[in-house]
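Good morning, and thank you for coming.

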Amino acid sequence: MSERVGFIGLGIMGSRMAANVARAGFELTVFNRTRATAERFAQGHRAAVADSPAEVGAASDLVVTMVVDGRQVEEVLLGARGVIHGARGGTLCVDMSTIGRAWARRLGQRLGERGLAMLDAPVTGSAPRAEDGTLTIMVGGEPGDLDRARGLLGAMGSLIVPAGPLGNGQMVKLINNAVAAANAAVVAQALLVGAATGVDLDALEAVLRAGSGASTMLELKATPMREHDYRPLFKLAHMLKDIDLCLAEAGTAAVPFPAAAETRDLLAAAAAQGHAEDDFCALLEAVQVLAGRRL
């Protein structure tokens, strides 16, 4: 591989995505806010560890960021020790975090002023799909920049969808997550209604899976909900952040999104119950409070 890659952010998703980049043969330099995490990653993969995002910029032609929110992306790209202080002109920054359209466009403009390019390339698919390299990646930015990054993105995802100008990848991701979270909320409510009315939940699931009620969230979240297994594949706090971003964009467009708003309230209630760091299927806990009974 001719292009060197930097990867910033080795959390639940980022560590799995970076592992696929390393396996694809890219020369890889990593940075994580907790250095020990980066060192553990480097021990298991062919990667160098940087002391700062600036060092990542100096060692890379393409820099991937996979962190929590827009402020963290701003810090690692443009902060006092950010990528811009080491990167050469022409470096392409590929932000795969979910930060919202406004952040993506603002950061892209500031990077452009320094001679750097940017794609926003958020992903959908939880940790298992990150691990096996089958994420869906929606990309906003210039077509030429996407062409340049396509090999890198292909190491992490099986479906790469051009979404239009910079920021549009973010908007597609936010709408997708709002729909997913609303579907999960419906699954939680359906299971609880079924249990309360004496329905065999195995039978209910079988019919839902085979019929018009089928959904990805039913496949992924029904069993963890029934078992109250909230081990995080996608943290509830992160989903809540994404829904807030989506609702803000919908508000700016003056279009109501009541299903997302209702789901947002369930996520916020579950977070207040102590489930912010759990998987977002823990919104079941808020549904149980409303129903006055447990699944």
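Let me begin with a definition: helices (H or I, at least four residues) and strands (E, at least two) are DSSP runs, numbered from the N terminus. This is a predicted model, in which local features need pLDDT of at least 70 and side-chain atom pairs count only at pLDDT 80 or more, while totals for chains, interfaces and linings use all residues. Residues are numbered from 1 along each chain as its sequence is written, and side-chain values use heavy atoms, with hydrogens and water left out.

I turn to the domains. The domain assignment gives domain 1 (5–164) and domain 2 (171–291); such bounds come from an automatic or database domain assignment. Their centres, taken over C-alpha atoms, are separated by 28 Å. Contact, meaning heavy atoms within 4.5 Å, joins 15 residues of domain 1 to 13 residues of domain 2. Buried area is the accessible area (1.4 Å probe) that two parts lose on being put together, summed over both. Between these domains it is about 1,200 Å², with carbon and sulfur atoms giving 64%. On the domain 1 side, Ile12, Thr98 and Arg101 lose the most area to domain 2, together 38% of what that side buries.

Where does the largest pocket lie? Both domain 1 and domain 2 give residues to its lining, so the pocket lies between them. A pocket here is an open set of points on a 1 Å grid over the protein atoms alone, where a 1.4 Å probe fits, with protein on both sides within 12 Å along at least five of seven lines; lining residues have an atom within 4 Å of a point. The volume of the largest pocket is about 1,100 Å³, a volume being the space filled by probe spheres set on the points, which are joined across faces, edges and corners. Its lining has 49 residues, and Met13, Met66, Val67, Val68 and His238 lie nearest the centre. Helix H8 gives the most, with 5 residues. By class, the lining has 21 nonpolar, 19 polar and 9 charged residues. Ala, Val, Leu, Ile, Met, Phe, Trp, Tyr, Cys and Pro count as nonpolar, Asp, Glu, Lys and Arg as charged, and the others, Gly among them, as polar.

Buried means under 20% relative accessible area, exposed over 50%, and partly exposed in between (1.4 Å probe, protein chains only). In H10, the buried residues are Met217, Leu218, Lys221, Ala222, Pro224 and Met225. Their cover includes H8, helix H9 (201–210) and H13. In helix H13 (residues 284–291), Leu284, Glu285, Ala286, Val287 and Gln288 are buried, and what covers them includes helix H8 (168–196), helix H10 (216–227) and helix H12 (258–275). After H13 comes Gly292, with a positive phi near 70 degrees.

Finally, I consider two loop residues. Most residues other than glycine have a negative phi. His228, which is not a glycine, has a positive phi of about 50 degrees. His228 sits in the loop between H10 and H11 and counts as partly exposed, because its relative accessibility is 24%. Ala254, in the loop between H11 and H12, also has a positive phi, near 60 degrees. Is Ala254 buried or exposed? With a relative accessible area of 67%, Ala254 is exposed.
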